[in-house]
Amino acid sequence: MRFVFTPEQERYAARIRAFAEERIAPYYQEGDRTGEMRPGLVGELAGQGLLGLRVPTGHGGLGADCVTTGAALEELARADFNACYGVLQAALIADVLNGNATDEQRRRWLPPIASGEALVALCLTEPAHGSDAAAIELRAEPDGDGWRLTGVKTSIMLGAYATHGLVFARTGGPGARGVTAFYLPLDDRHLTRTRTRDAGGRAAGRAELRFDGLPAGPEDVVGGEGLGFVQVMRGFDYSRALISLMCVGAANASLEEALAHARTREAFGGPIGRLQGVAFPLAEHAAYLRAARLLAYEALWLKDQGREHAVPANMAKAWAPKAAVEACHQALLTFGQLGWSEELPLAQRMRDVMGLEIGDGTAQVTRLVVARHLLGRRYAP
Ligand SMILES: Cc1cc2nc3c(=O)[nH]c(=O)nc-3n(C[C@H](O)[C@H](O)[C@H](O)COP(=O)(O)OP(=O)(O)OC[C@H]3O[C@@H](n4cnc5c(N)ncnc54)[C@H](O)[C@@H]3O)c2cc1C
């Protein structure tokens with residue numbers, strides 16, 4: 001058993017850490033205040049290869065393995081949790097497209113994702129259907145040799161900015177087998193976007209998308225009619241491990257700031273770090289984050305080996321966001337009144353990370369996946 005990155009993984013993670021500290025971290029709090037994604041961010045992420053991590057080299061990407069992708073997100077999240085969404089969605093969607101599209105579609109779709117020309121969003125959740133995603137209702141009605149999409153997608157991260165969406169629509173009967181995935185341009189007069197006002201993740205442009213007869217052709221179908229749901233659910237296993245590492249990265253940034261503060265802040269005649277009431281909670285949260293991190297990397301490593309990874313990926317997602325929120329909270333408290341001020345990024349990190357206790361599958365839903373694997377499918381509700 002080897003608990004180390006390869007030299008290439010180590011080098012890339014170090015490069016992303018240096019880039020993120022210099023170019024990304026200085027704007028983290030500004031994004032929260034303005035509620036806007038910084039112009040130029042997408043180009044800078046693309047310039048580091050971050051949008052093409054899971055795009056094969058033949059299509060203009062880095063063709064990175066999953067562990068490297070996780071390491072890049074962990075580093076980026078230390079600097080700016082919200083800057084990760086573009087990288088996360090590109091990694092998830094490029095993986096789904098690469099695994100399910102035709103050669104011609106891959107040539108058409110993947111290079112713009114890697115270059116940042118296409119900013120992609122995952123369009124699954126609807127106002128009436130979130131956890132029970134197989135019940136989605138957005139209709140794809142036959143029109144000539146294609147379809148027209150009508151209905152509402154909600155809670156779409158990057159929805160305010162994305163140029164393209166992996167959109168799940170009902171082409172057939174009820175249930176998972178009636179759902180088809182389409183990869184579509186979103187800048188179209190048949191689509192309107194409304195931003196949501198959120199407690200966190202404010203610079204990532206979560207939005208509702210209203211489809212009013214958006215045209216889709218057979219060349220836009222990913223994988224095949226009626227296969228959309230199965231494809232995205234497979235992709236979710238891996239993105240859940242990536243999200244876990246985002247949460248761990250952000251929480252570790254707060255924890256390190258708290259440790260530094262505990263070394264220098266004095267109370268009752270010495271640094272507060274010597275008080276066990278201060279030091280032990282930090283030690284405890286560091287242990288939880290370390291365990292969650294290992295679980296996430298185990299899932300990514302298993303996927304890189306072509307092995308089953310659903311159980312550790314869903315265990316990680318059930319736990320890491322909560323562990324991260326609690327670590328962010330403890331770090332904030334360690335700063336006393338200073339932590340409560342928006343001068344420091346501690347409260348923002350807690351709010352930002354909390355969103356992913358919900359996004360991409362709640363802790364309950366990820367536990368359902370784990371329980372189904374442990375108990376067997378016949379015990380699924
Ligand atoms: C920050 C953020 C980013 C997001 N990004 C995207 C995105 O990019 N694209 C997208 O399509 N969606 C996105 N979402 C939506 C997200 O995936 C859904 O919110 C999530 O799947 C839960 O669905 P829901 O909100 O409708 O809650 P519901 O499904 O209504 O669930 C409500 C509560 O009931 C619980 N519950 C539901 N079913 C069960 C069960 N069987 N057993 C036990 N408990 C259960 C849930 O855990 C939850 O606590 C995002 C959400 C957030 C907050």
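Between which two domains does the largest cavity lie? Domain 1 (7–118) and domain 3 (229–379) both give residues to the lining of the largest cavity, so this cavity lies between them; the domain bounds come from an automatic or database domain assignment. The model is predicted, so that local features need pLDDT of at least 70 and side-chain atom pairs count only at pLDDT 80 or more, while totals for chains, interfaces and linings use all residues. Residues are numbered from 1 along each chain as its sequence is written, and side-chain values use heavy atoms, with hydrogens and water left out.

**Terms for the spaces**

- On a 1 Å grid over the protein atoms alone, a cavity is a set of points where a 1.4 Å probe fits but cannot get out, whereas a pocket is an open set with protein on both sides within 12 Å along at least five of seven lines; lining residues have an atom within 4 Å of a point.
- Grid points are joined across faces, edges and corners, and a volume is the space filled by probe spheres set on the points.
- Ala, Val, Leu, Ile, Met, Phe, Trp, Tyr, Cys and Pro count as nonpolar, Asp, Glu, Lys and Arg as charged, and the others, Gly among them, as polar.
- Helices (H or I, at least four residues) and strands (E, at least two) are DSSP runs, numbered from the N terminus.

**Cavities**

- There are two cavities of 30 Å³ or more, and the largest has a volume of about 70 Å³.
- Gln-29, Asp-32, Arg-33, Glu-342, Leu-344, Ala-347, Gln-348 and Arg-351 line the largest cavity, a set that divides into two nonpolar, two polar and four charged residues.
- The second largest cavity holds about 50 Å³ of space, and its lining divides into seven nonpolar, two polar and no charged residues.
- Helix H3 (residues 41–47) supplies the largest share of the lining of the second largest cavity, namely three residues.

- The largest pocket has a volume of about 1,600 Å³, and of the 50 residues that line it, Gly-130, Phe-236, Arg-240, Asp-360 and Gly-361 are the closest to its centre.
- Helix H7 (228–264) is one of the elements that each supply at least two residues of this lining, and H7 gives the most, with eight residues.
- The second largest pocket has a volume of about 940 Å³; of its 26 lining residues, the closest to its centre are Arg-2, Phe-3, Val-4, Leu-294 and Tyr-297.
- In the lining of the second largest pocket, H8 gives the most, with nine residues, and at least three residues come from each of domain 1 (7–118) and domain 3 (229–379).

**Aromatic pairs**

- Five aromatic pairs are counted, where rings of Phe, Tyr and Trp (its six-membered ring) pair if their centres lie within 6.5 Å, and planes under 30 degrees apart count as stacked, over 60 as edge-to-face and the rest as tilted.
- The rings of Trp-147 and Phe-182 have centres 5.2 Å apart and planes at 70°, so this pair is edge-to-face.
- Trp-147 lies in strand S3 and Phe-182 in strand S5 (residues 179–185), so the pair ties together parts that are 35 residues apart in sequence.
- Trp-147 counts as buried at 11% relative accessibility, as does Phe-182 at 0%, where buried means under 20% relative accessible area, exposed over 50% and partly exposed in between (1.4 Å probe, protein chains only).
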